[in-house]
Protein chains: 2
Amino acid sequence: MSELIPPGTVWLVGAGPGDPDLLTRKAEKLIAAADVVFYDALVGPGVLDLIPAGTQRISVGKRAGRHSKDQASINDLLLAAAQAGKRVVRLKGGDPAIFGRTTEEVDHLFAQGVPVKICPGITAASAAVASAGASLTLRGNARAVTFMTAHVRAGEKLDLDWAALADARSTLAIYMGKAAARDVAINLIKAGLGADTPALVVENASLQNERLVQTRLDLLAVATAAAVTDGPAILVIGDAVRGRKQPAAPGDSTVHKNAWKKIAAASAHE
Amino acid sequence: MSELIPPGTVWLVGAGPGDPDLLTRKAEKLIAAADVVFYDALVGPGVLDLIPAGTQRISVGKRAGRHSKDQASINDLLLAAAQAGKRVVRLKGGDPAIFGRTTEEVDHLFAQGVPVKICPGITAASAAVASAGASLTLRGNARAVTFMTAHVRAGEKLDLDWAALADARSTLAIYMGKAAARDVAINLIKAGLGADTPALVVENASLQNERLVQTRLDLLAVATAAAVTDGPAILVIGDAVRGRKQPAAPGDSTVHKNAWKKIAAASAHE
């Protein structure tokens with residue numbers, strides 16, 4: 001285990017969307033090998049339960065509109081721990097590569113000679129559509145997916161290229177989009193995206209208290225306001241999230257067993 | 001375990017980019033609970049090693065230009081196994097939500113009354129930038145990231161909205177882009193993206209034989225042709241993948257230990 005995190009080095013580790021089972025096996029091993037674990041407000045409680053009792057844990061919670069340490073303080077804490085020779089894990093909600101401010105931490109640590117490695121995580125958009133039985137892309141119809149934030153500070157305006165975003169052949173996954181749902185919908189419709197474009201709102205993706213609403217673009221603001229409480233929410237817009245109904249449990253399957261036996265036998269010899 | 005996959009149901013499971021440690025804990029449990037596992041050509045060999053000896057495994061490998069089963073045959077195989085009452089896992093390289101043709105399989109199974117669930121996976125772009133110590137977004141500079149494919153059939157032309165894609169404030173992650181690297185670079189530069197925009201080429205992301213090249217947009221085609229052999233490659237373009245150098249191993253850390261002790265003690269009381 002000691003090989004995994006040499007003393008004085010930092011691993012930025014994706015904690016995934018919240019469900020501890022959606023953590024990677026690697027993240028689990030890194031958490032077990034750390035001397036100290038720094039974690040975000042968005043890291044699921046079930047994930048934190050995986051931190052061994054003897055390991056130091058430090059909250060550096062950042063969340064829109066709530067108590068938070070600023071990024072510079074977090075950078076300095078990571079640096080201090082590494083320079084003291086600790087095996088450091090920095091747990092980030094979701095995937096460090098997606099809206100994780102990873103580069104700020106890497107640059108700060110690199111500038112002071114501290115080696116940093118990154119372990120990817122499951123991002124919220126993937127977990128959200130998985131819960132809905134949907135995808136982010138659709139062969140033919142949705143050849144691309146864009147992940148964006150719609151979080152602006154008080155008084156700021158959403159300044160985005162709506163014409164480029166209103167692409168019916170692409171899916172849009174919007175992080176931190178709760179407050180901006182109305183503006184997003186209006187701007188996309190104005191820019192030409194169909195008012196009936198399927199949309200999905202997921203709060204607390206993958207957690208026990210997950211809430212999932214299938215809706216459409218012109219109802220996005222209403223659905224978001226009605227369904228989302230105070231958890232992190234993700235909005236997904238596009239044909240790829242058209243609602244699909246899970247069928248009832250399958251019935252008697254004995255009639256199919258012989259057919260399957262033949263197929264399975266044939267496949268085994270390929 | 002039997003609760004995890006009721007007989008006659010299908011789990012579409014993300015196998016991640018290849019490294020078995022980048023599998024989720026949930027995927028690992030599902031693999032252990034399956035009667036039969038169907039897998040892609042892109043599922044890492046280390047992941048396949050996790051399939052228990054007594055579990056039936058069936059390759060449905062699809063890969064550009066190689067032997068493959070067509071999608072309709074795969075749909076039918078999954079259906080036959082489910083209808084025979086098997087606990088079915090369908091392992092997909094990467095994340096089922098990203099270019100995984102998940103919707104085709106879900107629709108086919110739902111139409112026949114077979115329940116389907118989805119377990120997300122780490123997608124190649126996340127693993128690729130993690131290996132490079134980089135991110136897919138950058139606060140301020142890269143507020144969005146677009147995942148797209150640049151795979152076209154022989155004779156087809158890449159028909160994309162290059163003006164929308166050539167956005168200096170957004171990152172572009174291109175799957176199956178090896179053959180199209182030259183066209184992608186030329187079109188993006190023509191549409192106004194800087195020729196010196198940072199680019200990253202990663203073949204076999206997360207695997208032992210991973211190859212990683214830091215380059216720039218105007219050198220993308222040359223770098224791809226020179227570096228990529230026959231493994232799956234991902235191209236990432238944008239400021240977020242500007243090259244960063246891992247520092248040498250940290251030196252003596254004793255001078256920092258007292259500073260860290262104070263910080264750690266203060267953090268513990270917050």
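## A:Arg25 at the chain boundary

A:Arg25 belongs to helix α1 of chain A, a helix that covers residues 25–33. In this predicted model, the residue has a relative accessibility of 13% and therefore counts as buried, the cut-off being under 20%.

The surroundings of A:Arg25 include several residues of the partner chain. Apart from neighbours within four places in sequence, A:Arg25 is in contact with B:Pro20, B:Asp21, B:Leu23, B:Thr24, B:Glu28 and B:Leu50.

## The interface between chains A and B

The contact between the two chains involves 90 residues of chain A and 89 residues of chain B. Together the chains bury about 7100 Å², and carbon and sulfur atoms account for 56% of that area. On the chain A side, the residues that lose the most area to chain B are A:Arg25, A:Arg143 and A:Trp260, which together contribute 12% of what that side buries.

Between chain A and chain B there are 8 salt bridges, and 29 residue pairs are in polar contact with both residues at pLDDT 80 or more. Sorted by class, the chain A residues that touch chain B comprise 46 nonpolar, 23 polar and 21 charged residues.

## Strand pairing across the interface

## Helix α1 of chain B

Helix α1 of chain B spans residues 25–33, and its buried residues are B:Arg25, B:Ala27, B:Leu30, B:Ile31 and B:Ala33. The cover over these buried residues comes from both chains: it includes α1 of chain A, and from chain B the strands β1 (9–14), β4 (87–92) and β5 (116–119) and the helix α2 (45–48).

Strand β2 of chain B, residues 36–39, is covered on both faces. B:Val36 and B:Phe38 lie on one side, B:Val37 and B:Tyr39 on the other, and all four are buried.

Two strands of chain B pair with β2(B) in the parallel sense. One is β3(B), residues 56–59, which is joined to β2(B) over 4 bridges; here B:Tyr39 has B:Ser59 as its bridge partner. The other is β4(B), also joined to β2(B) by 4 bridges, with B:Arg90 standing opposite B:Phe38.

## Chain A as a whole

Chain A contains 9 helices and 10 strands. Its C-alpha trace spans about 60 × 60 × 30 Å along the principal axes. Of the 270 residues in chain A, 54% are buried.

Definitions and conventions:
Residues are numbered from 1 along each chain as its sequence is written. Chains are lettered from A and ligands numbered from 1 in the order in which they are written. This is a predicted model: local features need pLDDT of at least 70, side-chain atom pairs count only at pLDDT 80 or more; totals for chains, interfaces and linings use all residues. Side-chain values use heavy atoms; hydrogens and water are left out. Contact means heavy atoms within 4.5 Å. Buried area is the accessible area (1.4 Å probe) that two parts lose on being put together, summed over both. A salt bridge is a side-chain nitrogen of Lys or Arg within 4 Å of a carboxyl oxygen of Asp or Glu. A polar contact is a pair of N or O atoms within 3.5 Å; within protein, one must be able to donate a hydrogen and the other to accept it, and residues adjacent in sequence count only if both atoms are side-chain atoms. Ala, Val, Leu, Ile, Met, Phe, Trp, Tyr, Cys and Pro count as nonpolar, Asp, Glu, Lys and Arg as charged, and the others, Gly among them, as polar. Buried means under 20% relative accessible area, exposed over 50%, partly exposed in between (1.4 Å probe, protein chains only). Two strands pair if DSSP finds at least two bridges between them.
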